[in-house]
Amino acid sequence: MRPASGIPGKHGRKRFTLTETGRTEATQVSESGHGRPWQDFDAEHIAQSQEFREAGFAIMTALRQVAMSGTPTQRQKALETLQDTKRKLYSILAE
């Protein structure tokens, strides 16, 4: 991309336009069907992402409770559980 002939945009921001090469590339990507990456996110993917988000918040809430109210032994056990969970999550990606 390059600045569009110095034409100021909204609120004095610089505006940009695609070069001829960029326009050609954008057209090819669009025609290939790969030009809309958001289409990869169907309802099932979005629902699963929401479940991950909710699980993450729930874990953080539990972790906060252990950190604030747990005994030193409980906090150590929670730390070991977190470290083990991290290893297990990365092993899923390695499969």
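Let's start at one glycine. Leaving out residues up to four places away in sequence, Gly-70 touches Gln-65 and Arg-75; contact here means heavy atoms within 4.5 Å. Gly-70 sits in the loop between α2 and α3. Buried or exposed? Gly-70 is buried, at 12% relative accessible area. The cut-offs are under 20% for buried, over 50% for exposed, and partly exposed in between, with a 1.4 Å probe and protein chains only.

A word on the model. It is predicted, so local features need pLDDT of at least 70 and side-chain atom pairs count only at pLDDT 80 or more, while totals for chains, interfaces and linings use all residues. Residues are numbered from 1 along each chain as its sequence is written, and side-chain values use heavy atoms, without hydrogens and water.

Now the whole chain. It has three helices and two strands. Those are DSSP runs, numbered from the N terminus: helices are H or I with at least four residues, strands are E with at least two. The order along the sequence is β-β-α-α-α. Of the 95 residues, 4% are buried.

Next, the helix pair. How do α2 and α3 pack? Their angle is about 150°, and their axes are 9 Å apart. Axes are lines fitted to C-alpha atoms, for helices over the stretch in contact; angles run from 0 to 180 degrees between N-to-C directions. So α2 and α3 are roughly antiparallel. That label needs an angle over 145 degrees; under 35 is roughly parallel, 65 to 115 roughly perpendicular, and the rest oblique.

Who makes the contact? From α2, Leu-63, Val-66, Ala-67 and Ser-69; from α3, Gln-74, Arg-75, Ala-78 and Leu-82. By type, that contact has five nonpolar residues, two polar and one charged. Ala, Val, Leu, Ile, Met, Phe, Trp, Tyr, Cys and Pro count as nonpolar; Asp, Glu, Lys and Arg as charged; the others, Gly among them, as polar.

Last stop, Val-66. It belongs to α2, residues 43-69. Val-66 is partly exposed, at 27% relative accessibility. Beyond four places in sequence, Val-66 touches Gln-74, Arg-75 and Ala-78. Leu-79 is 13 residues from Val-66 along the chain, and their C-alpha atoms are 9.8 Å apart.
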